[in-house]
Amino acid sequence: DITEIKQAETALQETEIRLQTLFDAAAEFIFLIDPDGIIQMVNRQAIEQSGYTEEELTGNNIKDFFTEKARHTCEGNLDLLKERGYLRVDNDFVCRSGRVIQMECSATAVPDKTGNFASFLMIQRDVTEERAIVSALVDRELRFRAIFNSTFQFVGLLDPEGIVLEVNETTLDFGGFALKDVIGRPFW
């Protein structure tokens, strides 16, 4: 019956529209790539945030949009992805403007009807700001340690009850202690 066929076609079109809407609504970069890494499909977020057009992205290899270091990592990871069916890695994505975005990447194999991995869904989340904060904290900690341990005075940090939280190397050297010998113990 032609009416049933039309209804099925309409239902299929509505489902495809819903899936495309979900695909485009995601806050992350989403790519559908083939087993060779060629981008088959890309969501709106990846287009808007990267500065590339859909035409510039699709049909090209995903690693062409990575930094040189990330490209080398990607080459080995693509084989691992094909073997395992999933993978989580970090990579650096290069936008059209040249800006590099640090990405946390999760890729999952999408099997075809025979069970072979015909494509891979790759979701990349921008972690640039988070990584910058962590890096800044590490730098501060290193600077603090350099200052803390470069003095010739005995320097320590106690909690309100007098329990040793931290001491400098000068203090440890003078007393012949290791850090584990004094941390968590009363100062006296």
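Student: What do the buried residues of α4 pack against?

Tutor: The model is predicted. In α4, the residues Ala70, Cys74, Asn77, Leu78 and Leu81 are buried. An α-helix has 3.6 residues a turn, so residues three or four places apart point the same way. The buried residues of α4 pack against β1 (29-33), β3, β4 and β5 (117-126).

Student: At which residue does α4 bend, and by how many degrees?

Tutor: The helix covers residues 68-84, and just after α4, glycine 85 has a positive phi of about 95 degrees. The bend in α4 is at glutamate 75, by about 25 degrees.

Student: How much space lies in the largest cavity?

Tutor: Rolling a probe the size of a water molecule over the atoms shows where empty space is left. Searching the whole structure gives one cavity of 30 Å³ or more. The space in the largest cavity is about 130 Å³.

Student: Which residues that line the largest cavity are the closest to its centre?

Tutor: A search of the whole structure turns up one cavity of 30 Å³ or more. Its lining has 14 residues, and the closest to the centre are Cys74, Asn77, Leu87, Val89 and Met122.

Student: Which element gives the largest share of the lining of the largest cavity?

Tutor: By class, this lining has ten nonpolar, three polar and one charged residues. The largest cavity holds about 130 Å³ of space. Two or more lining residues come from each of α4 (68-84), β3 (86-94) and β4 (100-111). The largest share, six residues, is that of α4.

Student: Is threonine 67 buried or exposed?

Tutor: Threonine 67 sits in the loop between α3 (54-57) and α4. Beyond its neighbours within four places in sequence, threonine 67 is in contact with Asp92, Val94 and Val100. Its relative accessible area is 19%, and because buried means under 20%, threonine 67 is buried.

Student: Which element gives the largest share of the lining of the largest pocket?

Tutor: The largest pocket contains about 390 Å³ of space. Of its 16 lining residues, Val164, Val167, Thr171, Val182 and Phe187 are the closest to its centre. At least two lining residues each come from β6 (156-158), β7 (164-167), α6 (169-175) and α7 (179-182). The largest share, four residues, is from α6.

Student: What is the relative accessibility of glutamate 166?

Tutor: Glutamate 166 is in strand β7. Glutamate 166 counts as buried because its relative accessibility is 16%.

Student: What distance separates the C-alpha atoms of alanine 132 and glutamine 102?

Tutor: Alanine 132 belongs to helix α5 (residues 128-149). With a relative accessible area of 44%, alanine 132 is partly exposed. Alanine 132 and glutamine 102 are 30 residues apart along the chain, and their C-alpha atoms are separated by 9.7 Å.

Conventions:
Residues are numbered from 1 along each chain as its sequence is written. This is a predicted model: local features need pLDDT of at least 70, side-chain atom pairs count only at pLDDT 80 or more; totals for chains, interfaces and linings use all residues. Side-chain values use heavy atoms; hydrogens and water are left out. On a 1 Å grid over the protein atoms alone, a cavity is a set of points where a 1.4 Å probe fits but cannot get out, and a pocket is an open set with protein on both sides within 12 Å along at least five of seven lines; lining residues have an atom within 4 Å of a point. Grid points are joined across faces, edges and corners, and a volume is the space filled by probe spheres set on the points. Ala, Val, Leu, Ile, Met, Phe, Trp, Tyr, Cys and Pro count as nonpolar, Asp, Glu, Lys and Arg as charged, and the others, Gly among them, as polar. The bend at a residue is the angle between axes fitted to the seven residues ending there and the seven starting there. Buried means under 20% relative accessible area, exposed over 50%, partly exposed in between (1.4 Å probe, protein chains only). Contact means heavy atoms within 4.5 Å.
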